[in-house]
Every structure is written in structure tokens, then in C-alpha cells.
Amino acid sequence: MFYMLLDLLEAPDACTLEIFLGKIPMVFNVVILSPHGYFAQENVLGYPDTGGQVIPAMEREMTKCIKEQGLDIIPCILIVTRLLPDAVGTTCNLRLEKVLGADHSHILRVPFRTEKGILRKWISRFEVWPYMETFTEDVAKEISLECYPVYYCSCFRENKIP
């Protein structure tokens, strides 16, 4: 990689620059947005819209790539989903939860709310639209307290977070 940098300094070209930049890990913090379900680690089988099983592997792979480049940076993965205050028998009513099997990954839950207050129960992902604007504003505030994201990832395509 050092020789590639020397080549770029001596005779820059687009192809070498693209390859060089592709080898540098630039994403250290990731926010995964999943606002529509029972996103937890235990006791959610059978509930609609569960998730979160790949995060420990993703964190390990990010850490490995960063270390291979000689960097001493710890990646942060923050899964943002909705808080379900009345969730029974799950951890979906906890604001922040460490991801099992991962060292620096957490689930952050933010409630849906209206001018009347917090929505306490689960609703179908097909009914979330009236809550999305305030949810995304609240999420932006909350993630700034927990992690400084570089990359947003969502399976909820129409979200309003960049």
C-alpha cells in the first residue's frame, strides 16, 4: 500500500487513486435503522419484524479490516429501532441494550410520539408513516448522544434520515 501511495505522489492517475482509497477503511461508525419491529435479542421469535442477528459478525469484520490497516480505531455499530414501552417478556422496552456477542455495538430504541405523547404499543410497519417525521428528528438527537455515525444503513427504504 505504501508503494501505491508513492506511485500516486509521483504520477497520479484515477485508477490507482480509486484502488488506493478502496483499501483505506473510512467507515468506523455505522447506524442501522430498523424502526418497524420487535428488534431485540431474546424472546422475540414469533413476533413480527424481528432482527439483529448479523451485528456481531459485522463488528468483527470491521474491526479486522481496521486493524489490518494498522489503525487503532474501535468501530461503533448502533442499531436504531423503536421503543415499545408496553413490550412484555422482551427487552424492547429498554432504551439502550448492548448487542450480545459484540464488544462495541448497541441497540438504541426511540419511541414513536405525537403531540399526545408516546405510542406505547407495537403497530404494524404499514401503520408507521404518521410517526416517521418526529421519529427521525428524535433519532438524530439520540444518536448524537451515543455514537457519531458516518454511514446509515436501512432496510426501511423510505426513511427520512440521510
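The chain folds into 4 helices and 7 strands. This is a predicted model. Read from the N terminus, the elements come in the order α-α-β-α-β-β-β-β-β-α-β.

How much of the chain is buried? Of its 162 residues, 40% count as buried. The chain exposes about 9,800 Å². Carbon and sulfur atoms supply 59% of that area.

Now look inside. In soluble globular proteins, nonpolar side chains tend to be buried together. Here the largest nonpolar core has 15 residues. Find V80, F112, F135 and I143, the residues with the most contacts inside this core. Which elements build it with two or more residues each? They are β1 (29–33), β2 (76–83), β4 (105–111) and α4 (132–146). Helix α4 gives the most, with 4 residues.

Next, consider how the chain meets itself.

The mean pLDDT of the chain is 78. A value of 70 or more is reached by 77% of the residues. Which elements mark the two ends of the range? Strand β6 (residues 117–118) has the highest mean pLDDT, 94. Strand β7 (residues 151–154) has the lowest, 52. Over residues 156–162 the pLDDT is below 50. Beyond near neighbours in sequence, this stretch has 15 contacts in the model.

Notes
Residues are numbered from 1 along each chain as its sequence is written. This is a predicted model: local features need pLDDT of at least 70, side-chain atom pairs count only at pLDDT 80 or more; totals for chains, interfaces and linings use all residues. Side-chain values use heavy atoms; hydrogens and water are left out. A nonpolar core is a set of buried Ala, Val, Leu, Ile, Met, Phe, Trp, Tyr and Cys residues joined through side-chain atoms within 4.5 Å. Buried means under 20% relative accessible area, exposed over 50%, partly exposed in between (1.4 Å probe, protein chains only). Accessible areas come from the Shrake-Rupley method with a 1.4 Å probe; for residues, only the protein chains shown count as cover. pLDDT is the predictor's confidence in each residue, from 0 to 100. Contact means heavy atoms within 4.5 Å.
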